[in-house]
Amino acid sequence: MRVIVTRPAKQLTELTQRAAERNIEIVPLPLMEIVPLPFEWPRGLDIKDIDWVFFTSAQGVASFFLRLSE
């Protein structure tokens, strides 16, 4: 059996291994690419003053913490 997954191959390591145990071949077919866009934090924003941050994807979390470490 083959299953097409629309994520980039580098994000499929665990899924590919688990699928292989069940004789399933994962075929990566990325349909889009996510790239960070440069932007300036709003003036006066201090991350220490923020109580909650909501994310809509794992990629958003990764991008946020990458930017935060800058």
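Guide: We shall discuss aromatic rings and then pockets.

Guide: This model is predicted, so local features need pLDDT of at least 70 and side-chain atom pairs count only at pLDDT 80 or more, while totals for chains, interfaces and linings use all residues. Residues are numbered from 1 along each chain as its sequence is written, and side-chain values use heavy atoms, with hydrogens and water left out.

Visitor: How many aromatic pairs does the rule count?

Guide: Rings of Phe, Tyr and Trp (its six-membered ring) pair if their centres lie within 6.5 Å; planes under 30 degrees apart are stacked, over 60 edge-to-face, and the rest tilted. The count here is three aromatic pairs. Trp 52 and Phe 54 are stacked, because their ring centres lie 5.9 Å apart and their planes meet at 10°. Phe 64 and Phe 65 are edge-to-face, with centres 5.1 Å apart and planes at 85°. Phe 55, Phe 64 and Phe 65 form one aromatic cluster.

Visitor: Is Phe 64 buried or exposed?

Guide: Buried means under 20% relative accessible area, exposed over 50%, and partly exposed in between (1.4 Å probe, protein chains only). Phe 64 is buried at 16%, and Phe 65 is partly exposed at 48%.

Visitor: Which residues line the second largest pocket?

Guide: On a 1 Å grid over the protein atoms alone, a pocket is an open set of points where a 1.4 Å probe fits, with protein on both sides within 12 Å along at least five of seven lines; lining residues have an atom within 4 Å of a point. Among the residues lining the second largest pocket are Phe 39, Trp 41 and Phe 64.
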